[in-house]
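Hi,

Here's the structure I said I'd pass along.

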Amino acid sequence: MTINTLLKEKEMTKYALSKKTGLSKSTVSDICNGKIPLKKCTGETLYKIAQALNVTVDALLDPVMKERIPFELFKSNVCHRLKREGDIDFLINTITDNVVLKYYELEWYPECFYMLAMIDYLSKLNDVPLIKEYDLVRQHQLENPLFPTDIYLTSIMIADDRERESFLNKAYQSSIPDFLEYNIVEKDVRDVV
């Protein structure tokens with residue numbers, strides 16, 4: 001929800017928000033009008049606004065965080081996070097943040113299924129029970145196989161249709177089975193630089 005929506009819900013004016021937070025009227029106005037983007041605000045400012053509106057900082061930032069990045073960058077970020085946090089902390093943080101359902105609700109299906117595949121894959125590797133909360137999402141998959149960009153671009157360069165099909169089939173067959181469940185071709189989530 002935007003700050004303006006929250007203000008309407010709480011029947012609060014920008015002036016009242018200014019008084020409650022100790023922020024100047026012009027700062028509050030600039031934030032509400034988008035002249036000062038929320039992602040440029042200090043943590044202290046965000047905290048004051050969230051407190052005044054009786055919401056979490058995450059709820060305040062939710063509309064800002066809905067900016068979608070290219071899928072290959074998303075995958076890279078996820079794999080680097082896995083490398084940095086390790087399997088168990090990655091699982092705990094990902095499940096706690098509930099990103100699978102958040103992406104599903106946003107209809108960001110590649111991201112949703114990639115994260116679910118990662119959770120399932122790491123759960124099996126570490127003898128952790130699968131999270132039942134995601135069973136409804138597990139019933140779905142991407143309509144078409146989603147290949148990594150390098151595989152897809154290489155396939156375009158192959159002139160012969162049979163060779164191209166064979167190349168893509170080999171990539172598909174060498175993919176991690178947990179990712180294939182959702183029609184995502186992923187060979188290695190740990191080999192990131």
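This is a predicted model: local features need pLDDT of at least 70, side-chain atom pairs count only at pLDDT 80 or more; totals for chains, interfaces and linings use all residues.

The axes of H6 (residues 71–85) and H9 (residues 109–125) come within 11 Å and cross at roughly 25°. Angles under 35 degrees count as roughly parallel, so H6 is roughly parallel to H9.

Who meets whom? On the H6 side you'll find Phe-71, Phe-74, Lys-75, Val-78, Cys-79, Arg-81 and Leu-82, and facing them in H9 are Pro-110, Glu-111, Tyr-114, Met-115, Met-118 and Leu-122. Sorted by class, the contact has ten nonpolar and three charged residues, with no polar ones.

Zooming out, the protein chain has 13 helices and zero strands. Its radius of gyration is 22 Å, well over the 16 Å that the globule rule gives for 193 residues, so the chain is more spread out than a compact globule. Along the principal axes, the C-alpha atoms fill a box of roughly 70 × 40 × 30 Å. As for burial, 38% of the 193 residues count as buried. Looking at contacts between residues at least 6 apart in sequence, 62% join residues at least 24 apart.

Ser-155 has a relative accessible area of 3%, so it is buried. Leaving out residues up to four places away in sequence, Ser-155 touches Arg-164, Phe-167 and Leu-168.

Cheers

How values were computed: Residues are numbered from 1 along each chain as its sequence is written. Side-chain values use heavy atoms; hydrogens and water are left out. Buried means under 20% relative accessible area, exposed over 50%, partly exposed in between (1.4 Å probe, protein chains only). Contact means heavy atoms within 4.5 Å. Axes are lines fitted to C-alpha atoms, for helices over the stretch in contact, and angles run from 0 to 180 degrees between N-to-C directions. Helices (H or I, at least four residues) and strands (E, at least two) are DSSP runs, numbered from the N terminus. Angles under 35 degrees count as roughly parallel, over 145 as roughly antiparallel, 65 to 115 as roughly perpendicular and the rest as oblique. Ala, Val, Leu, Ile, Met, Phe, Trp, Tyr, Cys and Pro count as nonpolar, Asp, Glu, Lys and Arg as charged, and the others, Gly among them, as polar. The radius of gyration is taken over C-alpha atoms; the globule rule is 2.2 Å times the number of residues to the power 0.38.
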